[in-house]
Structure formats: structure tokens, C-alpha cells
Amino acid sequence: MTRPRLPGRRTALAALLCAVTAATLTSCATERPDRPGVVVTTDILGDITREIAGDEAEVTVLMPTGTDPHSFGVSAPQAARLEQADLVVHNGLGLEENVQHHVRAAEDDGVPVLAVAPAVDPIDHRGGDGAGQPDPHFWTDPQRVRTAVTLIADRIAADVEGVDPGRVRDNAARYGRDIDQLGSEMRTAFGALPAERRRLVTDHHVFGYLAQRFGFTVVGAVIPGGSTLASPSASDLKSLADAIRAADVPAVFTGAAQPDRLARVLRDETGLGVSVVPLYTESLTGPDGGAPTYLAMMRANTRAITAALTSR
Ligand SMILES: [Zn+2]
């Protein structure tokens with residue numbers, strides 16, 4: 001669907017900003033206010049979109065790195081940025097709960113919006129609170145991300161005025177090959193695990209897509225995390241210990257901090273000797289962390305899962 005374009009809307013805004021700030025800024029040219037703008041809600045989708053946009057468009061990511069996409073909110077200037085975007089890219093399956101109404105408002109206002117997750121053959125959550133609801137965490141399956149790359153490239157090429165569509169498609173083809181490479185690395189690594197070892201005991205149902213793609217079973221569990229770890233409830237520990245025993249796994253996986261401490265509490269309180277392995281689940285890290293990009297995040301998780309399930 002094409003939106004009735006407001007010719008010069010962005011240019012007029014940029015000119016206005018330049019006029020307003022000319023007194024304090026030395027140059028508006030270095031800011032490239034004329035460069036088209038794509039606004040992306042989450043940092044993982046943001047990294048993917050930047051690879052595709054390259055130098056063709058300015059990509060603004062609303063979610064601060066390392067925060068929870070389920071709970072982050074946006075500031076008033078960020079909401080205004082959404083309204084002025086040439087294209088908004090978001091997950092679209094309820095992941096960024098607190099941002100949805102801003103995205104909807106922008107869309108109602110005629111801003112082109114791409115909801116990625118509904119367009120990559122989503123699956124439903126299997127268990128837990130969200131059972132039967134569509135699962136937004138599609139990025140744990142590189143093949144679906146490959147599909148997303150094409151969708152995002154097509155929309156940037158079609159909707160964002162002033163980009164060179166050929167360059168955008170070239171970027172997408174190059175990055176798509178990187179994703180293919182990632183997928184074949186994951187297939188090799190997980191394929192080396194015997195089928196009975198492919199069980200993930202994990203707290204948050206982030207890995208449903210990875211499980212489906214690579215033949216894992218996800219065993220849900222309440223894993224006491226971060227701040228509550230000082231005094232995890234006896235029933236939480238017991239149900240986690242039961243899940244670990246039933247699944248007969250050497251390790252559990254979590255996005256929580258202080259994994260060693262939880263392993264110690266489990267050993268002391270329930271007599272279970274398992275390792276607690278932290279994974280990157282919902283967001284990237286800063287440049288000095290272990291998951292500064294989508295590709296790095298997936299490789300780090302693949303290494304951690306494979307190593308933990310191989311040990312025993
Ligand atoms: Zn989540």
C-alpha cells in the first residue's frame with residue numbers, strides 16, 4: 001500500500017531544524033539532514049536494518065542496547081521521530097508492548113510501517129503464560145531472519161525516497177550470505193549433538209524458533225534471576241530442580257545475571273550439580289560486550305549451548 005506522500009515534509013523539517021539550530025551549530029551539512037530516516041524499535045532488528053540500509057539511509061534505533069524489549073518505553077522526542085520517519089520497522093507481534101501505540105499512531109498518520117515477525121511465518125508459544133499466542137522471538141532462527149532481510153530491503157527500496165534501490169539490494173544480498181553462513185555454522189554445531197542432548201531448560205521462551213529449526217526440545221522453567229537470586233523461593237528452586245532432573249540435562253540456560261551463584265544455590269539447596277549458562281536472549285550488548293551484532297550474538301549463543309550440552 002502506498003501512502004499519500006507529503007512532498008518535502010522531511011526536507012521542510014530538516015530546513016527548519018537547520019534554521020533553528022544554525023546559530024549554535026557550525027554546519028548542518030555534516031549532519032546530513034537530507035538523508036532519509038528509518039526508525040527501528042528494537043536493537044536486534046536495528047542492527048539487521050543498518051546492514052541493509054548501509055549508507056543509503058539513517059537508521060535510528062529506539063530501544064537502548066541491553067534493555068528488555070518487552071518493557072522499554074520511548075521519550076516524547078523519540079515518538080516525534082517515529083511520526084517523521086520515512087519507514088518504521090518493528091517486530092509487530094507484541095514484543096515492544098509499550099511502543100505499539102506510538103507505531104500505530106504513526107501508521108494512522110500515513111508513515112509506512114513494516115511489521116517483520118508476522119511476515120516470517122510465525123509459530124505459537126508452546127507453553128507458559130503465552131501458550132497459543134504468536135511468538136515474537138523469530139530472530140533465533142537465521143532462516144527466518146534471511147526472509148526478514150529481503151522484506152526489509154524491499155520496503156526500504158520501495159518506501160524510502162532518495163535511496164538507491166540497487167545499493168540497498170546489494171547490501172541485502174551480501175548480508176543475506178552472512179546469515180546463510182551463520183545458519184550453516186549452527187546446523188553443523190547442533191548437528192554434532194546427539195538428538196537426546198538437544199534439550200533446553202530455559203526460563204523465557206525465547207528459543208522456540210531455534211528449537212524448531214534445529215531439532216531441540218524446550219523445557220520451560222522458572223529460573224530465579226538477578227535481584228531475586230539473593231533469596232530464591234524454595235518452590236521456584238524445587239520446580240527448577242524437577243525440570244532439570246526430568247530433562248536429564250547438564251546445564252540450564254538463562255538471560256539472568258549471576259549464573260554461577262544460581263548454580264551454587266541449586267547445588268546447596270537441591271543437591272543438583274548443573275551449570276547455569278547465560279545466553280544473549282532479547283538484546284545486543286555494547287561494542288565491547290559479547291554480542292555487539294546479531295551475527296555475534298547468535299555465534300556466542302551457539303558456542304555456549306553446544307559446549308554446555310556436550311559436557312558431562
Ligand atoms: Zn521475550
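This is a predicted model: local features need pLDDT of at least 70, side-chain atom pairs count only at pLDDT 80 or more; totals for chains, interfaces and linings use all residues.
1. Helix α2, which spans residues 43-53, is mostly covered, with nine of its eleven residues buried. The buried positions are D43, I44, L45, G46, D47, I48, T49, I52 and A53, and what covers them includes the strands β1 (37-40), β2 (58-61) and β3 (87-90) together with the helices α5 (142-159), α6 (165-191) and α10 (294-310). After the helix comes G54, whose phi is positive and near 55°.

2. Which kinds of ring pair are present? A search of the whole structure finds three aromatic pairs. In one of them, the rings of F138 and W139 have centres 6.2 Å apart and planes at 75°, so the pair is edge-to-face; the cut-off that matters here is that planes over 60 degrees apart are counted in that way. Both F138 and W139 are buried.

3. Another edge-to-face pair is formed by F190 and F216, with 4.9 Å from centre to centre and 90° between the planes. F190 lies in helix α6 whereas F216 lies in the loop between α7 (208-214) and β6 (217-220), so the pair ties together parts that are 26 residues apart in sequence. F190 and F216 are both buried, and together with F214 they form one aromatic cluster.

4. Turning to charged side chains, the count comes to eleven salt bridges. One of them joins R167 and E56, with the closest N and O atoms 3.6 Å apart. Because R167 lies in helix α6 and E56 in the loop between α2 and β2, this pair ties together parts that are 111 residues apart in sequence. Is E56 buried or exposed? With a relative accessibility of 12%, E56 counts as buried, because the limit for that class is under 20%.

5. A salt bridge also links D154 and R169, whose side chains meet at 3.6 Å, N to O. D154 is in helix α5 and R169 is in helix α6, so the pair ties together parts that are 15 residues apart in sequence. Both partners fall in the intermediate accessibility class: D154 counts as partly exposed at 33% relative accessibility, and R169 counts as partly exposed at 42%.

6. Salt bridges that share partners join D121, D141, R144 and R213 into one network. Within it, R144 forms a salt bridge with D141, the closest N and O atoms being 2.8 Å apart, and both R144 and D141 are buried. D121, by contrast, counts as exposed at 55% relative accessibility, because exposed residues are those over 50%; it is found in the loop between β4 (113-115) and α5.

7. D121, already named as a member of the salt-bridge network, has a positive phi near 60° although it is a residue other than glycine. D248 likewise is not a glycine and has a positive phi of about 55°. D248 lies in the loop between α8 (234-247) and β7 (251-254), and at 46% relative accessibility it counts as partly exposed.

Definitions and conventions: Residues are numbered from 1 along each chain as its sequence is written. Side-chain values use heavy atoms; hydrogens and water are left out. Buried means under 20% relative accessible area, exposed over 50%, partly exposed in between (1.4 Å probe, protein chains only). Helices (H or I, at least four residues) and strands (E, at least two) are DSSP runs, numbered from the N terminus. Contact means heavy atoms within 4.5 Å. Rings of Phe, Tyr and Trp (its six-membered ring) pair if their centres lie within 6.5 Å; planes under 30 degrees apart count as stacked, over 60 as edge-to-face and the rest as tilted. A salt bridge is a side-chain nitrogen of Lys or Arg within 4 Å of a carboxyl oxygen of Asp or Glu.
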